[in-house]
Amino acid sequence: MAPTLESEEHKALRSAVSALGTRYGREYLTTVVKEGRHPHELWSEAGKLGYLGVNLPEEYGGGGGGIAELSIVLEELGAAGCPLLMLVVSPAICGTVIARFGTDAQKHRWLPALADGTRTMAFGITEPDAGSNSHRITTTARKDGPDWLLTGRKVFISGVDTADATLIVGRTEDSRTGRLKPCLFIVPRDAPGFTRHPIDMELNAAEKQFELVLDDVRLPADALVGDEDAGLLQLFAGLNPERIMTAAFAIGMGRYALAKAIEYARDRSVWNTPIGAHQAIAHPLAQAHIDLELARLMMQKAAHLYDTGDDTGAGEAANMAKYAAGEACVKAVDQAVHTLGGNGLTREFGLASLITAARVARIAPVSREMILNYVSHQTLGLPKSY
Ligand SMILES: Cc1cc2nc3c(=O)[nH]c(=O)nc-3n(C[C@H](O)[C@H](O)[C@H](O)COP(=O)(O)OP(=O)(O)OC[C@H]3O[C@@H](n4cnc5c(N)ncnc54)[C@H](O)[C@@H]3O)c2cc1C
């Protein structure tokens with residue numbers, strides 16, 4: 001798929017990351033998942049090459065770029081069949097929030113290590129009783145002398161087992177009632193009172209999801225990132241990149257599946273022409289390609305708005321990009337599986353497991369319906385049903 005509207009630097013980054021991804025490829029990731037490992041070889045090589053921290057400030061060892069560049073990295077690794085999900089969380093959410101709102105000490109402690117990939121940070125906002133309604137989160141921080149005590153539960157949090165810490169979204173005691181005034185805490189993996197249980201997901205991925213319990217986890221004052229009163233602004237500094245990066249994840253996966261289907265449709269003949277000559281096979285693949293291209297355009301717009309400091313404009317575009325990419329990915333994967341007939345369901349061709357994986361982009365980090373709600377209310381000015 002030929003990328004458009006890109007600078008020479010972006011094209012060069014795209015092709016360099018693509019070369020790295022192709023060198024590892026789908027087989028590498030499949031093996032890693034089968035062995036129950038993590039793709040640390042790819043992660044650390046990408047870190048050494050500067051790809052993991054391409055969005056982080058140069059003075060802290062990053063590439064000085066933005067989410068536009070980081071989304072290229074994730075999309076191209078995904079298109080090569082080996083996406084690194086933790087890119088969505090570690091440099092995109094946590095790195096961005098710390099770079100924008102962290103203290104100098106937090107920046108020095110975390111950014112160089114997040115940039116070169118030697119340390120990673122997970123991100124936890126979702127709670128079992130709040131789900132899509134983040135205003136209902138109850139993870140609560142209370143002051144105890146100079147320390148904070150954090151108590152609550154989280155669910156579906158990715159990569160907590162490998163991450164050195166998790167950026168936990170809580171609320172302070174005085175904001176327990178009323179609108180959400182979130183505050184963000186860095187919780188080290190082995191902090192006393194911080195426990196995790198893996199969730200048995202029907203997903204073929206190296207990154208696992210966890211239910212977390214925080215039972216009076218004692219944190220020093222400097223575990224708080226940013227201002228406890230800054231509220232949603234700080235949170236959305238991380239959530240908009242997350243949506244843009246999820247779009248990149250989805251577009252990469254969609255491109256990978258589509259490429260497999262095209263290759264198969266060119267070769268496979270059961271009458272006197274390859275199946276790709278039948279329009280019932282060709283047209284849905286063409287539509288999938290168009291949908292992925294369109295989703296990428298919106299993703300590029302969202303990344304551009306975010307990187308140029310337009311947080312409000314980026315919010316709407318990031319939601320739309322995530323929606324478009326999630327839908328394009330689900331359709332591309334579905335059509336790819338169908339194109340391969342019975343082989344679409346064999347382990348050898350490896351497409352069937354993407355059916356579940358593609359759904360992640362429709363559900364997380366914000367579901368299709370919640371984006372449609374957002375656009376209905378915020379963009380179109382329609383009334384709310386909830
Ligand atoms: C693989 C994976 C990885 C994840 N990783 C992380 C992570 O690292 N960190 C993290 O914090 N979270 C993570 N999540 C959680 C994810 O963000 C949530 O699953 C998502 O926000 C949806 O919340 P929920 O599952 O509670 O669904 P619910 O909120 O219970 O929603 C269920 C269904 O109801 C619909 N619905 C809800 N409210 C409305 C409404 N008002 N109007 C219309 N429809 C509605 C939803 O669209 C959805 O289809 C992950 C999830 C998955 C699957």
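This text walks through the domains of a predicted model and then turns to its ligand.

Start with the overall division. The domain assignment of the protein chain gives three parts: domain 1 (8-119), domain 2 (122-225) and domain 3 (232-379). Keep these bounds in view while turning the structure.

Look at domain 1 and domain 2. Taken over C-alpha atoms, their centres are 23 Å apart. The two domains touch: 18 residues of domain 1 are in contact with 14 residues of domain 2. On the domain 1 side, the elements giving two or more residues are helix 1 (8-34), helix 4 (86-101) and helix 5 (104-116). Helix 4 gives the most, with seven residues. By class, this side of domain 1 has 13 nonpolar residues, four polar ones and one charged one.

Now move to the ligand. Around the ligand are 21 residues, and G131, S132, S158, S367 and E369 come nearest. Four elements can be traced here, each giving two or more residues to the shell: strand 1 (121-124), strand 3 (147-158), helix 9 (352-363) and helix 10 (368-379). By class, the shell has twelve nonpolar residues, eight polar residues and one charged residue.

Then pick out the nearest residues, among them S158 and E369.

How values were computed. Residues numbered from 1 in each chain as written. Predicted model: local features only at pLDDT ≥ 70, side-chain atom pairs only at ≥ 80, totals over all residues. Near = placed C-beta within 6 Å. Nonpolar A, V, L, I, M, F, W, Y, C, P; charged D, E, K, R; others polar. Domains from an automatic or database assignment. Contact = placed C-beta atoms within 7 Å.
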